[in-house]
Amino acid sequence: MNGFVDRLLGRVRLGGWLAVAAPVIAVAFAVLITSVVLLIAGSDPVEAFTTLADYGTQPRSMAMILNTGVMYYISALAVAVGFRMNLFNIGVDGQYRLAAVVAAGLGGAAVVPGVLNIVLVVVVAVIVGALWAAIAGLLRVYRGVSEVISTIMLNAIATGLGSWLVSEHFGVLTGNDLGTRPIPDDAHMPGIPLIAGTPVLVNGFIVVAVVLGVAYWVVLNRTRFGFELRATGKSESAAVASGVSVKKMIVVTMVMSGAVAGLIGMPELLGASYKYSNNFPAGLGFTGIAIALLGRNNPVGMAVGALLWSFLDNSSNQLQLLDISKEIVQIMQGVVVLSVIIAYELVHRYRIVAEQRRVSRELAAPQEAPKAGAAA
Amino acid sequence: MAAAACGGGDDTTTTGASAGASSAPAAAQVKVGLAYDIGGRGDGSFNDAAAAGLDKAESELKVEKKELEATQGETDAQKEERLRLLASGGYNPVVAVGFAYSGSVAKVAKEFPDVKFAIVDDDAAKGDNITNLMFAEEQGSFLVGVAAALKSEKGNIGFVGGVDVPLIHKFEAGYEAGAKAVKPDIKIQSKYLTQPPDFGGFGDPAKGKTAAQGMYDAGADVVYQAAGGSGAGVFEAAKAANAMAIGVDSDQAALPAYADFKDVIITSMTKKVDVAVFDFLKNFTTGAVKSGPSVYDLKAGGVDYSTTGGKIDDIKSQIDEYKQKIISGEITVPTS
């Protein structure tokens, strides 16, 4: 009985310690590598990190960081839905861009007034994202095409299709920029004065992002669907044996991932640019992949990752004022992702070794016990 | 620097106003802030041309400079912050390179009425303190189209555009019109390397090479590229095919970076972003900045064709004839 309690306590203690160790190691390692890179580049790391800290603690920057972070977070969630089932949806990028083009085209046409238009734009974006992702899901199920390959190709097709839609159907030329007709004023997502001391409003979609994060956790951990999704991710054959239709799960998961992906462009479309133009942010889907890895598919972890990523992206101007090349930001981001992966792997291995030691100690213990009994 | 870094604070309008007042033209030291489009200094093309104008201003007008670069996939809000950071940090004037800054300049210029802004390649941003540096790319492209048609022996020429955007359509339209003015039945192959929002086509020599190779294989003997950094690939393909190519933006046959290809570059359509940027900065120091569009066309010498290498000396008189007709207005070059 004591052994069991010990083991239990030991595991809890070990788990708690390890849970803190991994991110700490990762951050320390990332700071170290970045400092080395800065030194090699001839910049002062202390000055760079002080500037970053200064920047990150200003109210105005915080609002900016939240605003880009919202998009990054939704993107990470879209990727994570697939990751949890071992589905690599590389196509989040194409899904959100195509969704944004179609939604922007419809929103700009102002078919319905006011809030209804916001709802229409969002619903259309979700549907387009879901349908585009469904293609990859169906190809995987009925044709055995790896979703990695098909989503990459669908990204390229989405680019072409989006470009064609803008230039042939929705496009209005302003100066040298081609974009959709702006969404009318009455259908703009209002901002929230969330951060005191700055006139910069936080994008209203932050509420949607938080709700999505909670929903992600609830669906995965508290529903039968979530259980089946995680089970299929862990072992397809085991899932089949317990009566899960893997084919259905693949299609449904891709559709869900695509539906969330459809929302990525909405904060920008309905809260900032109000149109889809050549200037619309691209590549957010790939940022989402990195952040999902960084946050280990955990809703809170990904939120931290999204904010960190956004903070680094937004601080690029400040670093450039110090004559530090903006590429240092990309190096930092890359190093952070690698550090997190390596740190968790190290801690994981440490745990396995510790477990093995514990098991062998426990295996050794009963052998001594009978001896003691025999002696007595 | 630390003060400037903190300048992104919240009292932007007041900081901006005081900064504007303290750095009135001809004051002690003019601090120029320049924001690049993606690619930044060193792209061997458009951004570099702006950088050259800035460098010239630094040495001739003794201005101080600060350059900030854009990051891939950023939002308009981030572009605005970049301009705001410069304006609130006491940089006046502020130059934005590329039409991507259109909305951002329009917005930030309103917040800093005492700071002068210039934007290259955009006339949509309007304001009392905004100067739009515009180019008639189609006119210069018309002339190199004439050169291509006259030099082509096979009656088959090509155009490689970096990204399928309206700005690059102007290059294509002018080129086509010029070539057809000489030989109405000439065959013109045309290809864009990427579709927006993928702007990779401005920086991918491998894509440029493949596209140009395809055109030479299909019978073209002259290819004009308006593809930024991807242009190097077009030149490579021209060299391999022992054919001709036409450069863009700078006089590329004269650039050290393209020394290997100077034999195949028969001419370049020069778009003098450097001149426009320098002119603007010079006007600033003399207090003669005019808001609104400044059009750099053939007449103003803002676009032209280059003759480095002497490869088109034999047809120069014919090209100049067309040039005069465009300047006099006898020929109107289409823009799309």
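**View 1. Chain B as a whole.** Of the 336 residues of chain B, 61% count as buried, where buried means that 20 or more other C-beta atoms, placed from the backbone, lie within 10 Å of a residue's own, exposed means 12 or fewer, and partly exposed is in between. This is a predicted model, in which local features need pLDDT of at least 70, side-chain atom pairs count only at pLDDT 80 or more, and totals for chains, interfaces and linings use all residues. Residues are numbered from 1 along each chain as its sequence is written, while chains are lettered from A and ligands numbered from 1 in the order in which they are written. Chain B has 11 helices and 12 strands; these are DSSP runs numbered from the N terminus, with helices being H or I of at least four residues and strands E of at least two. The C-alpha trace of chain B spans about 65 × 40 × 30 Å along its principal axes.

**View 2. The two domains of chain B.** Here you can look for domain 1 (2-135 + 274-296) and domain 2 (138-270 + 306-328) of chain B, with bounds that come from an automatic or database domain assignment. Their centres, taken over C-alpha atoms, are 31 Å apart. Nine residues of domain 1 of chain B are in contact with nine residues of domain 2 of chain B; contact means that the C-beta atoms of two residues, placed from the backbone, lie within 7 Å.

**View 3. Helix H11 of chain B.** Helix H11 covers residues 316-328 of chain B. Within H11(B), Ile319(B), Tyr322(B), Lys323(B) and Ile326(B) are buried. These residues lie on the same side of H11(B), because they cover an arc of only 105° around the axis, the arc being that of the directions from the helix axis to the C-beta atoms. Turn to the other side of H11(B) and you find Ser317(B), Glu321(B), Gln324(B) and Ser328(B), which are exposed. The cover over the buried residues of H11(B) includes helix H6 (137-151), helix H7 (166-182) and strand E12 (303-305) of chain B. Gly329(B) follows H11(B) and has a positive phi, near 90°.

**View 4. Where chain A meets chain B.** In this view, 40 residues of chain A are in contact with 36 residues of chain B. Among the elements giving two or more residues to this side of chain A are helix H3 (59-83), helix H6 (147-170) and strand E1 (171-174) of chain A.

Terms used
Expected span 1.5 Å × (residues − 1).
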